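Dear colleague,

Please find below the structure that I am handing over to you. I would be grateful if you kept it open while reading the notes that come after it.

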Amino acid sequence: MTTCRHSPRPWESGLKEFKGRLAVVTGCGSGIGRELTRQLAAAGVRVAGCDLMAEALQETVDLVKREFPHARVTGHSCDVGMEGDIAKFREDVASSHDAECVHLLFNNAA
């Protein structure tokens, strides 16, 4: 899986041009990561979120799926400080989203 090149200035058109594309959000279990996951899903972006706290991660996924029933959001338990966890996360995202690349990457984990 690679990072795809797309628009050099995505902020000019908001998230509309990323509808259907894949975003990865680390630290999505609470705060900024949770809200970012929510906003991306609302815009139709596919989201693979990860967090070290499995319960908070599941709360985020459930919240987003309740609010946006057609959202394509997956949650993955992962410690971004552990190389093995990152490798598994990468494989899980590629498999669950049938993705060859990530279009947006938000390294939000503390």
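The following paragraphs describe the chain in general and then one of its strands.

Please note that this is a predicted model. The chain has 3 helices and 6 strands, and from the N terminus on their order is β-β-α-β-α-β-α-β-β. Of its 110 residues, 36% count as buried. Among the contacts with a separation of 6 or more, 68% are between residues 24 or more positions apart.

I would draw your attention to strand β3, which covers residues 46-51. Here 6 of the 6 residues are buried, so the strand is largely enclosed by the rest of the structure. In a regular strand, side chains alternate between the two faces of the sheet. In β3, Arg46, Ala48 and Cys50 point one way, while Val47, Gly49 and Asp51 point the other way.

Which strands pair with β3? One is strand β2 (residues 22-26), which pairs with β3 in the parallel sense over 5 bridges; within this pairing, valine 25 has glycine 49 of β3 as its bridge partner. Together, β2, helix α1 (residues 31-42) and β3 form a right-handed β-α-β unit.

Strand β4 (residues 73-77) also runs parallel to β3, and 5 bridges join the two. Aspartate 51 stands opposite serine 77 in β4. Between β3 and β4 the chain passes through helix α2 (residues 54-67), and this β-α-β crossover is right-handed.

With kind regards

Definitions and conventions: Residues are numbered from 1 along each chain as its sequence is written. This is a predicted model: local features need pLDDT of at least 70, side-chain atom pairs count only at pLDDT 80 or more; totals for chains, interfaces and linings use all residues. Side-chain values use heavy atoms; hydrogens and water are left out. Helices (H or I, at least four residues) and strands (E, at least two) are DSSP runs, numbered from the N terminus. Buried means under 20% relative accessible area, exposed over 50%, partly exposed in between (1.4 Å probe, protein chains only). Contact means heavy atoms within 4.5 Å. Two strands pair if DSSP finds at least two bridges between them. A crossover is right-handed if, with the strands pointing away from the viewer, the path from the first strand over the helix to the second runs clockwise.
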